[in-house]
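Keep the picture open while you read, and look for each part as it comes up.

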Amino acid sequence: MNQVFSFHRYWLLLKLDFAENGKRSLLSLAVIFGLMLIMMSPTIDYSKLGFDPVFLHALAYFFITFCTSLSASLVFDKYASSTKGINAILIPASQTEKFLAALTGNLAFATVLIALFIVMHIWFMEILALDNKDILNRKFNLHFLARLVYIYYLVQGVCFLGSIYFKKATYIKTASVLVSFIIVFSLINRTFVRSLTDADPAISAMPFGQWNIVGRNAMFQIEYSESTFLLIKIFLVFFVLGLWYIAFVRLKEKEI
Amino acid sequence: MIHVDSVSFGYSSKKLLFENLSVKLHPGNIYGLLGKNGAGKSSLLRNIAGLLYPTAGKIEIDGWEPKKRQPSFLQDFFLIPEEIDLPSVTIEKYIETLAPFYPKFDEVQFRNYLGEFEIPQGNKITDLSYGQKKKVLISFGLATNTKHLIMDEPTNGLDIPSKSQFRKVVSSALDPHRIILISTHQVRDLDNLIDSIIILDDSKILVHHSLDEISEKLRFTTLVTAEDDTRILYSEPSLKGYTVVMENLEQEDSRVDLERLFNAVMNNPARIRKIFQKP
């Protein structure tokens with residue numbers, strides 16, 4: 001018998017997960033979809049209330065990122081308590097199958113939401129453009145959408161790891177670590193850029209992003225070369241995969 | 001066979017809960033693991049289950065290392081923990097989703113056990129009382145027909161009639177290929193159920209013998225007086241005089257009283273060890 005992976009056991013784990021959490025996940029998806037519709041709907045004229053529709057689309061993105069991160073931070077919560085954890089560890093399936101089943105369930109939830117968001121954004125912006133063609137200029141372009149999708153899965157990966165790493169107050173602890181890391185990393189990046197440019201206040205730069213140089217009448221952007229940027233993108237993808245892998249190692253080492 | 005070989009374990013490296021512990025458990029037996037609160041019974045069971053990792057030594061169960069948590073090992077191993085948490089599904093759904101993981105699971109057997117325990121069917125498991133939930137899990141564990149069945153304080157939360165049902169059901173589930181290990185501090189609950197006893201105290205196994213060996217070496221009886229008899233290991237006053245545990249030098253038959261045996265072992269560990277070392 002294969003001790004690492006069997007489709008049969010993997011399928012049984014998915015069925016078990018769906019029996020335990022399926023209703024809750026479907027209900028959550030329905031509620032989130034309803035709220036996304038309210039926020040992004042082109043039929044509701046928010047401009048009368050002083051809200052920019054594109055701003056509300058961005059807000060919907062943050063909302064689904066929050067929901068997905070919350071859901072990811074609960075994936076391994078059963079391993080935090082000894083009563084549930086014993087059942088979970090002793091189910092006759094390999095650690096790989098248990099990990100992949102948990103990841104599949106969470107990724108399915110996350111992917112449905114981000115796919116809905118992209119489809120709704122593109123479609124609803126075109127509907128909004130029937131009344132106001134200028135709004136199409138503010139539609140999220142493919143590059144920007146790709147960044148949004150990456151950040152979305154990065155947050156999912158961090159929270160997924162946090163859910164096995166921390167036993168209590170998982171979400172708060174993971175969010176604190178993530179925010180602290182972003183602040184420290186941004187400060188280091190800023191210090192580095194300033195040190196290279198003689199502390200010119202007109203230069204700003206995001207980690208892994210282009211440098212923006214603001215002059216009196218113009219703004220310049222210094223971008224990475226295509227090959228460098230490709231390497232950065234590959235690194236960033238592997239970073240998320242690395243987060244998942246660390247979660248897998250933690251699951252294997254879990255003691256109750 | 002369950003082979004615990006020179007195993008040490010502690011939650012901190014400075015204070016070990018047990019050190020250099022060795023024990024072999026053979027199929028066809030129901031073992032009772034006894035010990036005071038905090039003696040390390042549950043930790044030993046969790047080490048055997050691969051939920052905790054020994055700091056030294058090795059545990060092997062039919063050639064499998066529990067800490068690797070491999071599916072073939074887990075298919076033949078079932079642990080009923082002291083505190084239980086069952087999903088919010090009906091018993092039918094529970095069977096449908098969990099039973100396929102255990103190739104030797106017998107649904108008819110499971111429903112018979114549920115009948116013995118008088119569990120109402122059709123409701124969600126979470127709607128049942130704590131004792132009923134425990135009985136569902138005990139029934140499921142027995143019906144998996146795994147070679148190794150470990151129960152940690154299984155009678156906690158069971159009412160008095162259920163405890164005798166428990167003894168009946170468990171004794172009927174033993175077969176020559178199966179090892180059943182039951183840990184408890186309520187020794188009376190294991191009366192007439194176990195055939196071997198392991199007493200754990202102060203990081204060591206004080207006793208690991210079959211009840212036959214124990215009744216051969218020790219005598220459980222009532223005496224009018226308990227003074228000036230060097231054979232007595234433990235005594236307590238009773239209506240007819242003193243119930244005692246004493247050395248069985250005359251090779252008389254008596255029924256092992258688990259509670260008094262436990263007290264005798266706790267009071268005289270060195271002497272007990274000496275008695276059992278005698279040929």
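Two strands count as paired if DSSP finds at least two bridges between them. Helices (H or I, at least four residues) and strands (E, at least two) are DSSP runs, numbered from the N terminus.

**Before we start**

This is a predicted model, where local features need pLDDT of at least 70, side-chain atom pairs count only at pLDDT 80 or more, and totals for chains, interfaces and linings use all residues. Residues are numbered from 1 along each chain as its sequence is written, while chains are lettered from A and ligands numbered from 1 in the order in which they are written.

**The three-stranded sheet of chain B**

Start with an open sheet of three strands in chain B, in the order 2-1-4, with antiparallel pairing. Strand 2 (18-25) and strand 4 (56-61) of chain B sit at the edges with a single partner strand each, so one side of each has no neighbour in the sheet. From one strand to the next, the twist averages 15 degrees. Angles here run from 0 to 180 degrees between N-to-C directions, and axes are lines fitted to C-alpha atoms, for helices over the stretch in contact.

Strand 1 (residues 2-9) of chain B is joined to strand 2 of chain B by five bridges, and the two run antiparallel. In this chain, B:F9 stands opposite B:F18, which belongs to strand 2 of chain B. Helix 1 of chain B packs on the sheet and touches strand 1, strand 2 and strand 4 of chain B, with its direction at about 120 degrees to that of strand 1 of chain B. (Residues are in contact if their C-beta atoms, placed from the backbone, lie within 7 Å.)

**The six-stranded sheet of chain B**

Chain B also has an open sheet of six strands, with the order 5-6-7-3-8-9 and mixed pairing. Which strands stand at the edges? They are strand 5 (77-80) and strand 9 (204-210) of chain B; each has a single partner strand, so one side of each is left without a neighbour in the sheet. Here the twist averages 15 degrees from one strand to the next.

Strand 6 (residues 148-152) and strand 7 (residues 179-184) of chain B pair in the parallel sense, over five bridges. B:M151 has B:I182 in strand 7 of chain B as its bridge partner. Helix 1 of chain B lies across strand 3, strand 5, strand 6, strand 7 and strand 8 of chain B, and runs at about 155 degrees to strand 6 of chain B.

**A look at B:L34**

You'll find B:L34 in strand 3 (residues 29-35) of chain B. Is B:L34 buried or exposed? B:L34 counts as buried because it has 28 C-beta neighbours inside 10 Å. The cut-offs go like this: buried means 20 or more other C-beta atoms within 10 Å of a residue's own, exposed means 12 or fewer, and partly exposed is in between, with C-beta atoms placed from the backbone.

Not counting residues up to four places away in sequence, B:L34 touches B:T184, B:V187, B:I197, B:I199 and B:F262. B:G115 is 81 residues from B:L34 in sequence, and their C-alpha atoms are 29 Å apart in space.

**The nonpolar cores**

In soluble globular proteins, nonpolar side chains tend to be buried together. A nonpolar core is a set of buried Ala, Val, Leu, Ile, Met, Phe, Trp, Tyr and Cys residues joined through C-beta atoms within 7 Å. The largest one has 99 residues, and B:L79, B:I199 and B:V245 have the most contacts inside it. Helix 5 (residues 142-165) of chain A gives this core its largest share, eight residues. Apart from this core lies another, of eleven residues, including A:M40, A:Y61, A:L113 and A:F117.

B:L79 touches A:I86, A:L90, B:L45, B:A49 and B:I150, leaving out residues up to four places away in sequence.

**Where the chains meet**

How many residues does the contact take from each chain? It takes 24 residues from chain B and 22 residues from chain A. On the side of chain B that touches chain A, the elements giving two or more residues are helix 1 (41-49), helix 2 (71-74) and helix 3 (91-98) of chain B.

**Chain A in brief**

Chain A has seven helices and three strands. From the N terminus on, its elements run α-α-α-α-α-α-β-β-β-α. The C-alpha trace of chain A spans about 70 × 50 × 35 Å along its principal axes. Of the 256 residues in chain A, 23% are buried.

Methods:
Two residues are in contact if their C-beta atoms, placed from the backbone, lie within 7 Å.
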